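Here are my notes on the model you sent. Please read them with the coordinates open.

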Amino acid sequence: MFDKKVSIIGCGNIGLSLLQGLLKDKTIPANNITATRRNIQELAHLKEYGVRLTTDNISAVEESDLILVAVKPYNIVNILEEIKDYLNPTRHILISVTAGVTFSQIQDVVRTSVPIFRAMPNISASVGKSVSCICHNGANTKDIESVKYLFDIIGTTMTIDEELMESATILGACGIAYVLRFIRAMIQGGIQIGFDARTASAIVNQTVKGAAELLIERKKHPEYEIDKVTTPKGCTIVGLNEMEHNGFSSSLIKGIVASYEKIEK
Ligand SMILES: NC(=O)c1ccc[n+]([C@@H]2O[C@H](COP(=O)([O-])OP(=O)(O)OC[C@H]3O[C@@H](n4cnc5c(N)ncnc54)[C@H](OP(=O)(O)O)[C@@H]3O)[C@@H](O)[C@H]2O)c1
């Protein structure tokens, strides 16, 4: 039984995705969750679930055990300044999902022994399918378990070194956009070869889900499964090779590296 109270400070795109995932799962009762943002009427639709909504970040901290800060990098220092005197090292765990802000930058502001985690989920959290990479600055096993428990509710969780958090941001959080663009392109192709948009989407979505689940379950390399689909001289290999001649894999890899170079600047 998970009896911790959770607050999400800065409930925008990713904060809301996390909140929706928690509400969908119901392990944490809605009235144990507080969500904040300045423009709180944007979250008014969540009132009916019983979530506590407030613009007051300090009261959110006082109400909670796990504090998720989900604001943009340019807002996090102000938020940390605002809440730091209310952080209790024996009660609270501070979790930042803000990209690119390190433990030492967070610690420079809060100057407390409160356990600090960084986490990088993605927007699939809203349907319980995020992959969330987490790291901590020497937290104890109990706190690590609590944070892992929280992120396991909204998907799967991996503990990584802090130095890989930016890579996790690109591969896991930005990655969903790359995959969605890939899906869009497949749908467009499907329409060109005869399907209406709705049918093409349904076929492509399930194909992508099936491909991912195949790899997750069987734990094989993608090329092992591809070999089963590519009949010699057949239509699949012809199409795949045409994609590669046009830079398919290369453009994806270059895009990932470009995103990484941007986040590292
Ligand atoms: N989007 C993703 O897929 C994703 C995934 C993983 C990590 N992240 C990281 O998460 C962070 C947030 O990204 P996002 O896309 O969710 O941004 P976002 O949609 O702008 O959400 C941030 C929210 O913070 C609120 N906020 C700003 N100042 C505040 C304050 N003083 N008190 C309370 N709330 C405040 C804003 O709402 P108000 O203006 O109403 O206050 C806004 O809704 C970024 O660092 C991003 O890199 C994002």
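1. Overall make-up. The protein chain holds 10 helices and eight strands. Keep in mind that this is a predicted model. Along the principal axes, the C-alpha atoms fill a box of roughly 70 × 40 × 35 Å. The chain has 265 residues, and 38% of them count as buried.

2. The ligand takes up the space of the second largest pocket. Two elements each give two or more residues to the shell around the ligand: α1 (13-25) and α3 (73-83). Of these, α3 supplies the largest share of the shell, with three residues.

3. Shell composition. In total, 22 residues surround the ligand. Asn 13, Ile 14, Arg 37, Arg 38 and Asn 39 are the closest. By class, the shell has 11 nonpolar residues, eight polar ones and three charged ones.

4. The side chain of Arg 37 places an N or O atom 2.8 Å from a ligand oxygen. The side chain of Asn 57 has an N or O atom 3.0 Å from a ligand nitrogen. Ala 99 uses its backbone instead: an N or O atom there lies 3.1 Å from a ligand oxygen. As for cover, the ligand on its own has 880 Å² of accessible area, and the protein covers 82% of this.

5. Phe 117. This residue belongs to strand β6, which spans residues 116-120. Is Phe 117 buried or exposed? Phe 117 counts as buried, because its relative accessibility is 0% and the cut-off for buried is under 20%. Look also at Cys 135. Phe 117 and Cys 135 are 18 residues apart along the chain, yet their C-alpha atoms are separated by 5.7 Å.

6. Lys 148. Helix α5 (residues 141-153) contains Lys 148. Its relative accessible area is 30%, so Lys 148 is classed as partly exposed. That class lies between the 20% and 50% limits.

7. Arg 111. Check the backbone here. Phi of Arg 111 is near 45°, a positive value in a residue that is not glycine. Arg 111 lies in the loop that links α4 (103-110) to β6. Why does Arg 111 count as exposed? Its relative accessible area is 65%, and exposed means over 50%.

8. Lys 219. Here is another backbone to check. Lys 219 is not a glycine, but its phi is positive, at about 60°. The residue sits in the loop between α7 (197-218) and α8 (222-229). With 69% relative accessibility, Lys 219 counts as exposed.

9. For your next look. Start at the ligand, with the side chains of Arg 37 and Asn 57 and the backbone of Ala 99. Then turn to the positive phi values of Arg 111 and Lys 219. Finish in strand β6 with Phe 117.

Note on methods:
Residues are numbered from 1 along each chain as its sequence is written. This is a predicted model: local features need pLDDT of at least 70, side-chain atom pairs count only at pLDDT 80 or more; totals for chains, interfaces and linings use all residues. Side-chain values use heavy atoms; hydrogens and water are left out. A residue is near a molecule or strand if one of its heavy atoms lies within 4 Å of it. A polar contact is a pair of N or O atoms within 3.5 Å; within protein, one must be able to donate a hydrogen and the other to accept it, and residues adjacent in sequence count only if both atoms are side-chain atoms. Accessible areas come from the Shrake-Rupley method with a 1.4 Å probe; for residues, only the protein chains shown count as cover. On a 1 Å grid over the protein atoms alone, a cavity is a set of points where a 1.4 Å probe fits but cannot get out, and a pocket is an open set with protein on both sides within 12 Å along at least five of seven lines; lining residues have an atom within 4 Å of a point. A molecule sits in a cavity or pocket if more than half of its atoms lie within 2 Å of its grid points. Helices (H or I, at least four residues) and strands (E, at least two) are DSSP runs, numbered from the N terminus. Ala, Val, Leu, Ile, Met, Phe, Trp, Tyr, Cys and Pro count as nonpolar, Asp, Glu, Lys and Arg as charged, and the others, Gly among them, as polar. Buried means under 20% relative accessible area, exposed over 50%, partly exposed in between (1.4 Å probe, protein chains only).
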